[in-house]
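Here are my notes on the model you sent.

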Amino acid sequence: MATFLYKLGRFAFRRRRLVALLWVALLALAGVGAASAPTATSSSFSIPGTEAQKAFDLLEERFPGASADGATARVVFKAPDGRKMTDPAHKAEVRKVVAELRSGSDQVASVVDPYQAKSVSRDGAIAYTQVSYKVSGMELTEKDREALTEAGQGAKDAGLTVEIGGDALQAAPETGASEIIGVAIAAVVLVITFGSLVAAGLPLLTAVIGVGIGVSTITALANVLDLGSTTATLATMIGLAVGIDYALFIVSRYRAELAEGRDHEEAAGRATGTAGSAVVFAGLTVVIALVGLAVVNIPMLSKMGFAAAGTVAIAVLIALTLIPALLGFAGKRVLGRKARAASRGKTGPADGDKPNMGTRWARFVLRRPVAVLLAGVVGLGVVAIPATSLEMGLPDDGSQPTSTTQRKAYDLLSDGFGPGFNGPLLIVVDGDKAAADGTAKDIQKLDGVAAVTPATYNKAGDTATITVIPEDRPSSAETEALVRSIRDTSGENVHVTGATAMNIDFSQRMNDALLPYLALVVGLAFLLLMVVFRSVLVPLKAALGFLLSVVAALGAVVAVFQWGWLGSLFGVEQTGPIMSMMPIFMVGVVFGLAMDYEVFLVTRMREAYVHGERPGQAIVTGFRHGARVVTAAAVIMIAVFAGFIGSGEQMVKMIGFGLAIAVFFDAFVVRMAIVPAVLALLGHRAWWLPRRLDRVLPSVDVEGERLRELDASAADADADDADEERELVRV
């Protein structure tokens, strides 16, 4: 592989205008496709095989046009102190709001009059109206949401408190500011790392081109493939991360090759052949982690994984072709001032002759490997302890910031009707009136039930719906237990659905898929790393270190978002269960990035070891060349993810914090401390591979051994030419 990539790098360097033109053309083509594609509707959310999904499917079949999975909103009214919502003036204001809601949007399916539906609290202080839509919350337009929020303005002017809750206000989180902050910090880190604006600009430029092609392609195909807006968000986040990383490593290796005296074209070929090989395998681990999301069997997640994996593949191709081409345009400007002056012979010894921070740290670890290993493992183990009390669920309006109208509506409904009123359960009975009445009576006897509404039947009279109000809030363990009790005590013709039940089924599906997903991703990556490193213990150590960092990161997430430790520092206003997709999401994203750092750092050690250095020397060599670059890449990723902590959305805040802390633990504790300590203790055994496996595994030459052979052949040819010249002189 190293030889092929070496030739590819030299070709891209020589034909740089053609290569650059091809990528610009691809970007333009994808942009035109995105601009001309029809506006995509929101991706439909479904969980095949779950009881909640079966109930939704039955409702769509037996109640046609009822929009069972449509968005809902609750407009909550509160009378001034000492007054009641049943006062004639207040009734008139509420009915005006109801009329405005009915006429405000074409997507409104129904609006319930609170006085006809008796949705007024016992003390008369609070009332609400329910608005049902024909489409999901993600499919509503800004105009629809504005009509919803503006409908109650007249009631507010009349002295009523009006707040709005429900998923109708749900919108795709805006992440543009976070991305800009992340890119800005990345630019600063790259300038500090390289000491050259040109060298710092190359990874940013190529990452933006790669993300532009990937996201434009997703936008162009969104309507055809039913891709949601979150698909492009994940692709952008991952594409920026790996795009900057991969380009960073190749540019860094190119500068190192120039420092060894090679000409520019040869240096580009060598950088692509060595660092490029690591990029290919690092990219494969990320693709495996993202494509593996299909194991969960949730179509939305599978599509997100495939789309992000495609963006990663584009980032790999750009790193292998466009980076060498741009290096050809950059020339010596890719070097910092000191390096350019040194190349002209104006300074003393090169910086590479002096031990850098990576060298000093590696030597420290080699002197005290046991102490460093124990400190790293015990430290992460302590941080991981809160993960033992992990509770998973999906956030509801109760987890919103207290300043939002959704949270205020949630609290008003809890005060007026009870906390369970925010998460009603919808029971679908596949049967006649007798079956529905029997089901309602059985449910009333269960613990945790606050109220059961009378059954509503379809036109044929063979299907009924019953609404059950739990005693506790939607995300509580008691409500989850109630859902399970209803399912256990009812027959096969009774299904529990609704947003609360769907969230519970989603969480269960994620829990059930976690171990198979881990086995698939870690297993395939283990085999891949065995091929890269020609070792059994190095991939095993990489996998175990990753698991340790992820569990520690989950522990930190539980401590902050579930227990509330340091919650005010991160803007956590309401503690609660951890988002159910968090563990799998962290495994998928962090595993790919962690293996990036593992491949880039340890490949350089393996290269030095294969070329004759002792195990300890190889560790120092790997850190001398790779530690600074891996540190820069990790700092960039932490900055990108940490930018999301400032989001007002609890879910986005949790993802940003979890990914940032996981990258910190994995890059700086596992890869920088535990990995060299373990390798130091293992010595030559770290690179042991059974002979049978050695014969079976393909040889991919990540270390560039065949490039050394090219050097030797060239040296022999030069020597032969010199001998011939001397012979001719004698003659």
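1. Two rings of Phe, Tyr or Trp count as a pair if their centres lie within 6.5 Å. On that basis, ring pairs join Y128, F417 and F421 into a cluster. Please keep in mind that this is a predicted model.

2. The structure holds 10 aromatic pairs. One of them is formed by Y128 and F417, with 5.4 Å from centre to centre and 90° between the planes. This pair is edge-to-face, because planes over 60 degrees apart are classed that way.

3. The pair of Y128 and F417 links distant parts of the chain. Y128 is buried, at a relative accessible area of 11%, whereas F417 is partly exposed, at 23%.

4. R16 deserves a separate entry. R16 lies over the face of F13, 5.1 Å from the ring centre. The charged end of R16 also sits over the ring of F329, at 5.9 Å from its centre.

5. How are helix 10 and helix 11 oriented to each other? Helix 10 (residues 264-291) packs on helix 11 (residues 299-330) at an angle of about 175°, and their axes are 8 Å apart. Angles over 145 degrees count as roughly antiparallel, so the two helices are roughly antiparallel.

6. Helix 10 contributes residues including T272, G276, V279 and L290 to this contact, and among those they meet in helix 11 are G305, F306, V312 and P324. By class, the contact has 14 nonpolar, 4 polar and no charged residues.

Note on methods:
Residues are numbered from 1 along each chain as its sequence is written. This is a predicted model: local features need pLDDT of at least 70, side-chain atom pairs count only at pLDDT 80 or more; totals for chains, interfaces and linings use all residues. Side-chain values use heavy atoms; hydrogens and water are left out. Rings of Phe, Tyr and Trp (its six-membered ring) pair if their centres lie within 6.5 Å; planes under 30 degrees apart count as stacked, over 60 as edge-to-face and the rest as tilted. Helices (H or I, at least four residues) and strands (E, at least two) are DSSP runs, numbered from the N terminus. Buried means under 20% relative accessible area, exposed over 50%, partly exposed in between (1.4 Å probe, protein chains only). A charge sits over a ring if NZ of Lys or CZ of Arg is within 6 Å of the ring centre and within 35 degrees of the ring normal. Axes are lines fitted to C-alpha atoms, for helices over the stretch in contact, and angles run from 0 to 180 degrees between N-to-C directions. Angles under 35 degrees count as roughly parallel, over 145 as roughly antiparallel, 65 to 115 as roughly perpendicular and the rest as oblique. Contact means heavy atoms within 4.5 Å. Ala, Val, Leu, Ile, Met, Phe, Trp, Tyr, Cys and Pro count as nonpolar, Asp, Glu, Lys and Arg as charged, and the others, Gly among them, as polar.
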